[in-house]
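Subject: Structure handover

Hi,

Here is the structure for you to look over.

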Amino acid sequence: MAFKTCSRIHLLGGFRNFRTSLATSAYTTTSSGDLATPEYRIKFSSDGKDISPWHDIPLKDGEYFNFINEIPKYTKAKMEVATKESLNPIAQDIKKGKLRDYHGPIFWNYGCLPQTWEDPNILHPVVKCKGDNDPVDVVEIGSKALASGSVSKVKVLGVLAMIDDGELDWKVIAIHADDALASELNDVSDIEAKLPGVVSGIREWFRWYKTPDDKPLNAFGFNEEALPRKVALEVIEETHHYYKDLVAGKSEKGKLWLP
């Protein structure tokens, strides 16, 4: 999808004191505050109305899924949909009072699927962990860096069952619907054939990325295998069901912001 304006600002993150907008399909983002400060936000709107990217963008767009990109590939700032803030803007995560950055760049676009939720109250029968209380994460393996806040159609290819600090944290692997390789990639086995090393690269990056902070290695369920598209679709369906229970008041929301 084409960006109308200023995608470079979101990608590079080297500017200060600006307010700009980015349009992707039916959604427009407006950035405010200074980059690399606690006040920086990317807010979403549609048809002139402020919206929540988590709650108001549909999970699917035809045969594809909507992907909200939080972190552009080759960047380090840990941007994320702020699930506890009103209307859930994208902000930089803060840990122990400090803005959070990865210790090295991530090599893929990283974001989430709207209208999904990993329920922290439900124990997964296989990995024996509960959900991490967030929307389902997506690692988009296309060739282009996508702007933070962009909304794109992606094809789901597979999923990794990461276990982070005792919580289940699914990592869906997908590719932008308009990527040159999208027509050739339909499942995990196709990734291995066309892009050898990408799946293992994702697994190892997420295994090790917290160790510079003296955290233990992350683990992976299902014998560390990247599970096929069929299982990934089941994970998405299940977490979409959990999400619907959340907004219907059937699950404890804690501090999460709901419309």
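Predicted model: local features only at pLDDT ≥ 70, side-chain atom pairs only at ≥ 80, totals over all residues.

The pocket first. The largest pocket has a volume of about 1,400 Å³. Its lining takes in 42 residues. Nearest the centre lie Glu80, Asp93, Lys95, Arg100 and Lys210. By type, the lining splits into 23 charged, 14 nonpolar and 5 polar residues. Several strands supply at least two lining residues each, among them S7 (79-81), S8 and S14 (151-164). S15 gives the largest share, with 3 residues.

Next, Lys210. This residue sits in the loop between helix H4 (198-208) and strand S16 (219-220). Is Lys210 buried or exposed? Its relative accessibility is 18%, so Lys210 counts as buried; the cut-off is under 20%. Beyond its neighbours within four places in sequence, Lys210 is in contact with Arg100, Asp164 and Lys215. Asp164 is 46 residues away from Lys210 in sequence, yet their C-alpha atoms are 9.7 Å apart.

Then Gln92. It belongs to strand S8 (residues 90-92). Gln92 has a relative accessible area of 11% and is therefore buried. What does its side chain reach at 2.9 Å? The answer is the backbone oxygen of Arg100. The Gln92 side chain also makes a polar contact with the side chain of Asp101, at 3.3 Å. Leaving out residues up to four places away in sequence, Gln92 touches Ala36, Ala77, Lys78, Met79, Leu99, Arg100 and Asp101.

Best wishes

Note on methods: Residues numbered from 1 in each chain as written. Heavy atoms only, no water. Helix = DSSP H or I, 4+ residues; strand = E, 2+ residues; numbered from the N terminus. Buried < 20%, exposed > 50% of the residue type's maximum accessible area, 1.4 Å probe, protein only. Contact = heavy atoms within 4.5 Å. Polar contact = N/O pair within 3.5 Å; in protein donor to acceptor, adjacent residues only side chain to side chain. 1 Å grid on protein atoms, 1.4 Å probe; cavity = no way out; pocket = protein on both sides within 12 Å on 5 of 7 lines; lining within 4 Å. Points joined across faces, edges and corners; volume = space filled by probe spheres on them. Nonpolar A, V, L, I, M, F, W, Y, C, P; charged D, E, K, R; others polar.
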